[in-house]
Amino acid sequence: MADPSDTTPADQPARVAEARWRAVIDAAVDGIIVIDALGQVEVFNSAAQLMFGYAETDVIGRNVSMLMPEPDHSRHDGYIKHHLDTGERRIIGIGRAVTGRRRDGTTFPLHLSVGEMTIDGERHFTGILHDLSRRHELEDRLREATAMARIGEMAAVIAHEVKNPLAAVRGAIQVIGGRMPAGSADAAIVKEVIARLDGLNDLVQDLLVFARPPAPKLARTDLRHVLAGVVGLLKRDPAFAALEVTVAGPQAIVSGDANLLTIVFQNLVINAAQAMQGRGVVDVTIAPIEGWQRVEVIDCGPGIPPEIKAALFRPFKTTKARGTGLGMATAKRLVELHGGRIAVSSPDGGGTTITVDLPAAPTN
Ligand SMILES: Nc1ncnc2c1ncn2[C@@H]1O[C@H](COP(=O)(O)OP(=O)(O)OP(=O)(O)O)[C@@H](O)[C@H]1O
Ligand SMILES: [Mg+2]
């Protein structure tokens, strides 16, 4: 920057105009980028700096294509040339949704409108950029909420149309089975039929809990107590006889619904146990952190399969032959109903940690 003492009084109005122009550009909430006919950046306002994570000095004089992922990154020079050669307008004066690339390599959606100007016979282009990340996020949430409402309606219909007849069929079969001689081949078949019907009933029940969870009945609840219950249930399952579940940590009081939290941790511990193929140790730790009580369920199984990872909390994502894929989605829903949050960490080397934070109950 020039030393202000260099300026002559005659420069003063120009400097004031420049400062005012710059202030306007930097006060804009949207990103403003000006490039020349070669695509080199001439102006990169404060909002653009925030959006892309670059300082102005990192970008000025460089090709604007550095702010785009492929294929635009390689093609942008061609886009400008095509416009200058033919006068054809593909984005200029129109604007459209494009993808930006931040300094850290991540990409984000933005709306770009481009205007063209000629100063001293030179062509320049002004881009106004509006970050669409937040809007897209809201749209995703709205879509999910709409889908959930539909699943909720469907679950209610299933509950009515399937659960009740299922109970009737089960009762009738049990009566028939009771008339058969104990130990007969037919009695074994009846037992199998009943087990299948119970499986079907559980599935419908799981779907109901996921789609229409009851409003949590909040009370002061000790997470250690909830987890002891979950471990107790697991111990009774012969499939997990060779599995040890340790629970470590101090008393942890949250404002929660013990029944719903049991469903949450049962799902997480069973997933961990299944990942360990019923053998070894699953560690559960409980610790307070800044207004939350944090529970971590840690296994040293193979880790979350890559094809599942991004959509782990979506319903019906499963890699198990007899899984519904509702466990994690239900856990997330119930945790969020408690004002909590859930996250997964599953490094490439294997092992999975699921972290649940629940708001700590006020001390009294
Ligand atoms: N601790 C874990 N280690 C490895 N993979 C896991 C773990 N937890 C979940 N997964 C993966 O995520 C998928 C989804 O889990 P989720 O609990 O939602 O459904 P599920 O266990 O397949 O079926 P369900 O819980 O209804 O029996 C699982 O199929 C499995 O591939
Ligand atoms: Mg599961």
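These exercises work through the ligand site, the strand pairs and some backbone features of a predicted model.

Residues are numbered from 1 along each chain as its sequence is written, and chains are lettered from A and ligands numbered from 1 in the order in which they are written. In this predicted model local features need pLDDT of at least 70, side-chain atom pairs count only at pLDDT 80 or more, and totals for chains, interfaces and linings use all residues, while side-chain values use heavy atoms, with hydrogens and water left out.

**Exercise 1. The ligand site**

Task: Find which residues come nearest to ligand 1, and describe the shell around ligand 1.

Solution: 
- Step 1. A residue is near a molecule or strand if one of its heavy atoms lies within 4 Å of it. There are 20 residues around ligand 1, and Asn271, Thr318, Thr319, Lys320 and Thr324 come nearest.
- Step 2. Sort the shell by residue type: eight are nonpolar, nine polar and three charged. Here Ala, Val, Leu, Ile, Met, Phe, Trp, Tyr, Cys and Pro count as nonpolar, Asp, Glu, Lys and Arg as charged, and the others, Gly among them, as polar.
- Step 3. List the polar contacts (pairs of N or O atoms within 3.5 Å). An N or O atom in the side chain of Lys320 is 2.7 Å from an oxygen atom of ligand 1. For Gly327, a backbone N or O atom lies 3.3 Å from an oxygen atom of the ligand. A nitrogen atom of ligand 1 is 3.5 Å from an N or O atom in the side chain of Thr352.
- Step 4. Ligand 1 taken alone exposes 590 Å², and the protein buries 91% of that.
- Step 5. Name the contributing elements; helices (H or I, at least four residues) and strands (E, at least two) are DSSP runs, numbered from the N terminus. Helix H8 (258–275) and helix H10 (327–337) each give two or more residues to the shell. The largest share, three residues, comes from H8.

**Exercise 2. Strand pairs**

Task: For E9, state which strands pair with it and in what sense.

Solution: 
- Step 1. Two strands pair if DSSP finds at least two bridges between them.
- Step 2. Strand E7 (residues 243–248) and strand E9 (residues 280–289) run parallel, joined by six bridges. Val247 stands opposite Val284 in E9.
- Step 3. E9 also pairs with strand E10 (residues 292–299), in the antiparallel sense, over seven bridges. Ala287 stands opposite Arg294 in E10.

**Exercise 3. Hairpins**

Task: Which residue in the turn of the E9 and E10 hairpin has a positive phi? Treat the hairpins of E3 and E4 and of E11 and E12 likewise.

Solution: 
- Step 1. Between E9 and E10 there are two residues, and Glu290 in the turn has a positive phi of about 30°.
- Step 2. Strand E3 (residues 96–101) and strand E4 (residues 107–119) are antiparallel, with six bridges. Their hairpin has five residues between the strands, and Gly105 takes a positive phi near 90°.
- Step 3. Strand E11 (residues 341–345) and strand E12 (residues 352–359) are antiparallel, with five bridges. Six residues lie between them, and Gly350 in the turn has a positive phi of about 105°.

**Exercise 4. Backbone exceptions**

Task: Where do Pro71 and Asp120 lie?

Solution: 
- Step 1. Most residues other than glycine have a negative phi, and most peptide bonds are trans.
- Step 2. The bond from Glu70 to Pro71 is cis, with omega near 0°. Pro71 is in the loop between helix H3 (56–59) and helix H4 (72–86).
- Step 3. Asp120 has a positive phi, near 50°. Asp120 lies in the loop between E4 and strand E5 (122–131).

Key. A polar contact is a pair of N or O atoms within 3.5 Å; within protein, one must be able to donate a hydrogen and the other to accept it, and residues adjacent in sequence count only if both atoms are side-chain atoms. Accessible areas come from the Shrake-Rupley method with a 1.4 Å probe; for residues, only the protein chains shown count as cover.
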